[in-house]
Amino acid sequence: MAAEKLKDLSQPIDVPLLDATVAAFYGTGSKEERAQADQILRHLQNNPDMWLQVVHILQQTKSLNTKFFALQVLEGVIKYRWNALPAEQRDGMKNYISEVIVQLSSNEASFRAERLYVNKLNIILVQILKHDWPARWRSFIPDLVAAAKTSETICENCMAILKLLSEEVFDFSRGEMTQQKIKELKQSLNSEFQLIHELCLYVLSASQRTELIRATLSTLHAFLSWIPLGYIFESTLLETLLKLFPAPSYQNLTLQCLTEVAALNFGDYYNVQYVKMYNIFMVQLQSILPPTTNIPEAYAQGSSEEQAFIQNLALFFTSFYKFHIRVLETAQDNISMLLMGLEYLINISYVDDTEVFKVCLDYWNSLVLELFDAHHNMDNPAVTANMMGLQVPLLPGMVDGLGAQLLQRRQLYAGTMSKLRMLMICRMAKPEEVLIVEDENGNIVRETMKDNDVLVQYKIMRETLIYLSHLDHEDTEKQMLKKLSKQLSGEDWTWNNLNTLCWAIGSISGSMMEDQENRFLVMVIRDLLNLCEITKGKDNKAVIASNIMYVVGQYPRFLRAHWKFLKTVVNKLFEFMHETHPGVQDMACDTFLKIVQKCKRKFVIVQVGENEPFVSELLSALATTVADLEPHQIHTFYESVGHMIQAESDPLKRDEYLQRLMALPNQKWGEIIGQARQSVDVLKDQDVIRTVLNILQTNTSVASSLGTYFLSQISLIFLDMLNVYRMYSELISSSIAEGGPFASKTSYVKLLRSVKRETLKLIETFLDKAEDQPQIGKQFVPPMMDPVLGDYARNLPDARESEVLSLFATIINKYKAAMIDDVPRIFEAVFQCTLEVSLLFIYLFHA
């Protein structure tokens, strides 16, 4: 290939040939030509002398791709070798880059046509500055400002260079420069900012060129977070920005600049300027975006620029209020503008955009927390004074004054807080317990994956709404009940409206006085049950059902205090367990478990008006209740009933309840074991294996909630379970011995191993949850020595279950004293073969 001669850099490079090679690399050639071009260009990039050809290439080529290739070579040299180059070579390159930038940006046509190239040259110049300025290029800022005054297009590009420089020094410098160098550059920018400041003000007040003013505003935005405050507050800069704000071309850029100023916080020194800035801003905002505007609708229908304006407005308000809301509260003249601004922010919070909402929510959370803390700490005046920013020693007479101020402040924000409650109710995020969601096609389905962002948002919103509820319980209750009545009347009925309302109702559990909460919840559940009765359609009923289940699960205190209501709720959950709509049964079983865990004692005592404890009634109808449930749902149900039985203090009753609970799985287990005694082959059938697995999982669920009291049940099946374990282990070993390692991947072997693992899990769960009773260890460990430990030692490595190690670790931890004599045997069985496996893994890992 002719391009091979490009590698000879002893003479000026053949630029047309380089153009062709670059073009081949970017796709005009064949695959082979592209690969060859890539290899040659890499070789050139790695050649330490290639950078000396850069000026020659830039002067000769017309190809933008070739220019970028040459500048990439130069960028590498500047980054890694610049300080090692002779001074004359550095100066020559620096001067050349500066001249090309000035030449291309000196007239409108070339500046617009070569914009990409000029931008890249600007980046190269800033990379050089990071090395040479200020020590070796002291005149850079004066030179740049002087050049900017010669032409408006040069000035526009100078602004771009200054912005890049600010970003490089203040935003992206970490990891690329030493701390000393960063400090030196920051000091240089600070000391010479006056020239830049004067240039910016001159442009903003004198120029008529939209592009130049936009570039200047963009540069100012990059500078405002770090420049000395005098340049902002003791000059005409703020006034100039506010004058430009109404102009559509500059709205977003000026708003970004004003937001940077709003986010500065250096005490009270510039409070007067901040108040003036805010009031002028609010007057102008009303003409740009009238207060009556439906902001969510305007956002949905707006252009990208209009949407960006709403986003920037949210950032401005939240930044300003975070640091300067106090100063607006102090004078009556400012309060109307403050409340108007908060009204804007409430309306922006309804915008259907996650990022906009996050910005607003973050601020609302901090404001409400501040109001709540001050309210909560009324009995501690020192804390309250600190909350209110009063850094003075408290005199006895000041406490009443503080209380009055606090009350006044709460009254000031009462209207805003009321609107904020409605916002939180309307936009409440989905809690983790809710399993039923609307998919993209508008169908109600079971949720398959948790959205962590939504869960984080729910926690923040829940916290905010709880604070809001504490600030005014009556208003919170009134708004929720009013919105619920609109669901019943159909005026406001949608799935989303009902969901967010019920999630909000559930989230404030515990925030009211008990009497108020009881009254409130009775009305809510009554209305939701009525809604379920009068609403037609399976999807609608599924949504209402999920909301009833969520709400009742959030109020265990109420359920414990009201037996009839608790019984009604549980029976309703049993109804939902027969509802086959996706997610309803899961949620019914999960809610049942949650309620039982919080109210278990209520189910094992004979309640007023009842003939027997609820648990007994439940066990009589057990087969009917679980008839339509999937196996995993039955396991949850059995775990729940286990919690009920665990709360029974009479041992005889407890054992009777357990026997009744396990009657169904025990009956099936007895049938399988009986058939196996006639012919062991029955245990090899895949349907039988699945049934055995399901029975073991049911036992594990009950063991997890009953602990020690599960003893009678596990004693009943223990020895047969070990025999099944031994047999399945032999089947697995023979399958792997015959079929090799791949046999362990077959569905049959996987199923057998599931039974083994579940057996180990059941035993470990029981031993772990059982109280520390030595006789339990003595009863259960010796029979396991050969079927479990011996099997582990004898087995092929591929057939061993790691759960054996976990089980015996639990046994040794739990029954240390009782196990002393067995420890050597345990170590003998597991240590040598496990060590071999560990060494093999270490070898493979390092290989």
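The chat below goes through the helices, core and selected residues of a predicted model.

User: What should I know about the model and its numbering before starting?
Analyst: It is a predicted model, where local features need pLDDT of at least 70, side-chain atom pairs count only at pLDDT 80 or more, and totals for chains, interfaces and linings use all residues. Residues are numbered from 1 along each chain as its sequence is written, and side-chain values use heavy atoms, with hydrogens and water left out.

User: How many helices and strands are in the protein chain?
Analyst: The protein chain has 43 helices and two strands. These are DSSP runs numbered from the N terminus: helices are H or I with at least four residues, strands are E with at least two.

User: What share of the residues is buried?
Analyst: Of the 847 residues in the protein chain, 51% are buried. Buried means under 20% relative accessible area, with a 1.4 Å probe and protein chains only.

User: Which residues touch the most other members of the largest nonpolar core?
Analyst: F281, F317, Y321, W364, F592 and F637 do, in a core of 263 residues. The largest share of this core, twelve residues, comes from helix α38 (residues 711–739). A nonpolar core is a set of buried Ala, Val, Leu, Ile, Met, Phe, Trp, Tyr and Cys residues joined through side-chain atoms within 4.5 Å.

User: Take Y321. What does Y321 touch?
Analyst: Leaving out residues up to four places away in sequence, Y321 touches Y278, L328, L338, G341, L342, L345 and Y363. Contact here means heavy atoms within 4.5 Å.

User: Different spot. Is Q487 buried or exposed?
Analyst: Q487 is buried, with a relative accessible area of 2%. Q487 lies in helix α25 (residues 473–489). Beyond residues up to four places away in sequence, Q487 touches D492, W493, T494, N497, L498, L501 and L531.

User: Last one: what caps the N-terminal end of α37?
Analyst: D685 does, with a side-chain oxygen 3.0 Å from the backbone nitrogen of D687. At the other end, α37 is followed by G707, whose phi is positive, near 60 degrees.

Notes. Buried < 20%, exposed > 50% of the residue type's maximum accessible area, 1.4 Å probe, protein only. Polar contact = N/O pair within 3.5 Å; in protein donor to acceptor, adjacent residues only side chain to side chain.
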